[in-house]
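Please take a moment to look at the model before we go through its parts.

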Amino acid sequence: MKLVTAIIKPHKVDDVKDALKAAGLHGMTVDEVKGFGRQGGKTEIYRGAEYVVDLLPKVKIETVVPDDIADQVADIIVNAARTGKIGDGKVWISPVEKIIRIRTGELGDEAV
Amino acid sequence: MTPKLDRKALLDDSSNRGVSFCTLLSDKVDTWMRELWTNAGGPESGAALVAVGGYGRAELSPGSDIDVYLIHDPKRDVGALAESIWYPIWDEGVKLGHAVRSVKETLSLASDDLDTATAILSVRHLAGDQRLSEELSTKGRDLWQKRSKRWLDEMDVRVRARHLESGEVAFLLEPDLKNGRGGLRDVHAIGWAQLAGVPLLPGDHDAIAEAYEVVLSARVELQRRTGRHSDILLLEEQDAVAAALGFDDADVFMRALSTAARTIAWVSDELWFRVRSLLDGPSRRKLRRDEEALVGVVLRDGCVALAAGAEPANDPYLVLRVAVTAARNDARIERSTLDRLVESKPLATPWSEEARRLFVELFLAGRPAVEVVETLDQRGLWEPIFPEWSVIRCRPQRNAYHRFTIDRHLSEAAANSAALVDRVDRPDLLVVGTLLHDIGKGRPGDHTDVGVELIAEIAPRMGFDADDTLILQQMCRHHLLLPDTATRRDLSDDGTISFVAESVGTLTCLRLLDALTEADSLATGTAAWGSWKEELVGVLVDRVAHVLSGGSVADATDGGFPTQHQRDLLAQRRRIIEAVDDQIVVISPDRPGLFSRVAGVLSLNGLTVLEAAAHSAENQMALEQFRVQSNFDSEIPWDRVIRDLEKALDGRLALAARLEERSKTYRRPRRLPGLVTHPEVIVDNHLSHDATVLEVRAPDGVGVLWRITRALHELDLDITSAKIQTIGTDAVDSFYVRDSEGRKITDHDYLGEIRRSLLYSLERASSN
């Protein structure tokens, strides 16, 4: 199994959710987070004072998926979340050792 | 095709350094910016791209941000233009500081925000409408000058806050080259102050330009190597940076850096002092007449100056009188006075009583003396008084233990000693002895021996008689005796106290060494003094004083261990563990390895052992007493410790495994250099009458004490007392040991095995 994690712009959450659902995914975790990347949180047009608080609100989406569709899921997120403007975010994939469904005790792919 | 920036060739060409590198890099970036502008369809009028801040000064280090503004006429929509310029820069991975504003918006921000105000002081046109750039530049400077008082006030505050936070470039082991005191930012601030109307005095400009080149070159090489934005000259980079700049080694380089930083710091201090005076203005300064201080010296408006008619060429004492006045009043010395004092007639040698008295008075003034010495040294007025200073000037002691360069350490120590003069009969010897105690450093050989030799010349030159010279030499020779003995030796041991008493010789000397110990330690670093050390030195001094006053050694060392209460507990013949405050006593059937088990459990619970003592009673019971300190600045969790101890004593605790786990968790990622490079074992069979003294030095870590004591137990050695000390990152542990029959170890082979076993266990510890 793989954990697909995405940091995206808050206003894109619904687009990403809908796209993942349409692809057949039925589980994810969504979190409100803060962060910044290379541009330091600023936009193209920036008028404020020199030093700025560079932590912008973002949304983190996490979902555990079988290995064979991890790349596909990442692509779906990328396409749904992209605006083309600075601050779009990132997606990454990491391995998952073990997963258990709490209610039933199922393991592995059945628990996904 | 978007234009790219190619810095590689420039970065790789090591012949470009310092200011010239920064200019070349800035030129390259300029070209790139202009290409981007043209590519984005940047207009000739109505909008302009300007460089600001450091980039505006055409000064780009390898890790520097590029700071630019897109200035535009308010009516013009420049959104798309901005995008076409910023995106390629972001995509290139270059760190960009940007803003899009009209001239009016920028000035409005600059009128209230110091950082914007200073950024636009170095506005430089890159592309587009030159008119707009010039408008911003001119109006920015006008605005700066209009609000100069407010900005100077705020900058003064900021400079001091920044120094406090970032430390000193001249002294830190890993200085912050930009923000530290004596660093690049200080020079920028001086430049801004000049634009606000505060002039530099003659000679200052060249002095800081030269120093700036040294610090900037260091920063350029540092960032070339790390590829990052950081300005902190890490220890592991210092060798490479030194080599790149053509220095023989890192010590020579750091000395040059320290010298440059001291110059910048001094000129900066002088300037901000003048700013303060300017700001405080005539309403604060009453137009007073000059206040006569000492002969030929006056206080004028809070500064020290030469009186009318004072002639340095005829009066050799003027320098010292000026210095003493400045120190006593914590006042600065007028620049014109410093300039005139250069013509001073040299002091006749040997010094007269007057000269000696003034010299001592300088340091008796306490803290302010440090700054006065710095001022005199910066102006070349100190060396004629004290020629040996040149060897130790700005000489770094590059380890985690020593905070200052040698020269500064000595002036700090001497200033510290002023507060302790009530402990001694001879304040003059205290102050001078403290000033000279490390004078032998920076020369080949043992610094104590070299110091004693140098004092044989210096003291008579200063007019001290033969007896006084001997005392000063004693102070130098034994300046580490008290702290070393107190922290590494058993103060209840007759031999120890006798040894110190014989070395010191007289009560006068003892008192002087006591005060010197404290003054020296306080001027060394945070690890060098504390209540534990102070207490131990106090005990040692008391006991030695008792002996030197004619008392018996036995009386002095009757420390009463074990106490009657402890003897009663021993008689009960059962396991007892008592913990009170920072001491724990463990009574248990005597068996090998007891000491090390307790040491291990203490380490497992995050406790550092400071000292320990052990006693074996005739009824086969043993008592071990440990004094500890929590590593985490919290209350000692005795309940948990005692639980673990019970298990360990029953043999139901896997100490080795648990300590190994713990040491992995608490492993320090970076090792700052200590004084100890490799583990060492020193055997002393002369000091104590009853036991062999083993001194073990090694890099500190979790479980080191446990390993050492386990190695000792492996060889059936009985530990009767121990002093455990951590100096910075080193452990210096001393053990008084006896063999299983209660005797000193004199057998050569046996000692060899002990050494072997200890070194083996220490090598294993450091490889974890």
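In what order do the four strands of the open sheet in chain B stand? The order is β3-β2-β1-β4, and the pairing within this sheet of chain B is mixed. Before I continue, please note that this is a predicted model.

At the edges of the sheet stand β3, residues 96–101, and β4, residues 124–128, both of chain B, and each of them pairs on one side only. From one strand to the next, the twist averages 25°.

Strand β2 of chain B, residues 66–72, pairs with β3(B) in the parallel sense, and six bridges join the two. To find a place to look, take Ile71(B), which stands opposite Arg101(B) in β3(B). A helix also packs on the sheet: α4 of chain B, residues 79–91, touches β1 (47–51), β2 and β3 of chain B. The direction of α4(B) makes about 175° with that of β3(B).

I now turn to the domains of chain B. The domain assignment gives domain 1 (8–146), domain 2 (164–282), domain 3 (289–385) and domain 4 (574–766). The centres of domain 1 and domain 2 of chain B, taken over C-alpha atoms, are separated by 25 Å. How many residues of each are in contact with the other? Domain 1 of chain B contributes 16 residues, and domain 2 of chain B contributes 16 residues. On the domain 1 side of this contact, the elements of chain B giving two or more residues are α2 (18–39) and α7 (130–146). The largest share of that side, four residues, comes from α2(B). By class, the side of domain 1 of chain B that touches domain 2 has seven nonpolar, six polar and three charged residues.

Further along chain B, there is a pair of helices to consider. Helix α24 (residues 507–522) and helix α25 (residues 531–548), both of chain B, pack at an angle of about 175°, and their axes are 10 Å apart. The two helices, α24(B) and α25(B), are therefore roughly antiparallel to each other. From α24(B), Leu507(B), Leu510(B), Asp514(B) and Thr517(B) meet residues of α25(B), including Val537(B), Val541(B) and Leu548(B). In this contact of α24(B) with α25(B), seven residues are nonpolar, one is polar and one is charged.

Next comes chain A. Its secondary structure comes to two helices and four strands, and along the sequence chain A follows the pattern β-α-β-β-α-β. The C-alpha atoms of chain A fill a box of roughly 55 × 25 × 20 Å along the principal axes. Of its 112 residues, 17% count as buried.

How many of the seven residues of strand β2 of chain A are buried? The count is zero, and this strand, residues 29–35, is hardly covered. Seven bridges pair β2(A) with strand β3 of chain A, residues 56–65, in the antiparallel sense.

Finally, the two chains meet. Ten residues from chain A and 15 residues from chain B take part in the contact. On the side of chain A that touches chain B, five residues are nonpolar, one is polar and four are charged.

How values were computed: Residues are numbered from 1 along each chain as its sequence is written. Chains are lettered from A and ligands numbered from 1 in the order in which they are written. This is a predicted model: local features need pLDDT of at least 70, side-chain atom pairs count only at pLDDT 80 or more; totals for chains, interfaces and linings use all residues. Two strands pair if DSSP finds at least two bridges between them. Axes are lines fitted to C-alpha atoms, for helices over the stretch in contact, and angles run from 0 to 180 degrees between N-to-C directions. Two residues are in contact if their C-beta atoms, placed from the backbone, lie within 7 Å. Ala, Val, Leu, Ile, Met, Phe, Trp, Tyr, Cys and Pro count as nonpolar, Asp, Glu, Lys and Arg as charged, and the others, Gly among them, as polar. Domain bounds come from an automatic or database domain assignment. A residue is buried if 20 or more other C-beta atoms lie within 10 Å of its own, exposed if 12 or fewer, and partly exposed in between; C-beta atoms are placed from the backbone. Angles under 35 degrees count as roughly parallel, over 145 as roughly antiparallel, 65 to 115 as roughly perpendicular and the rest as oblique.
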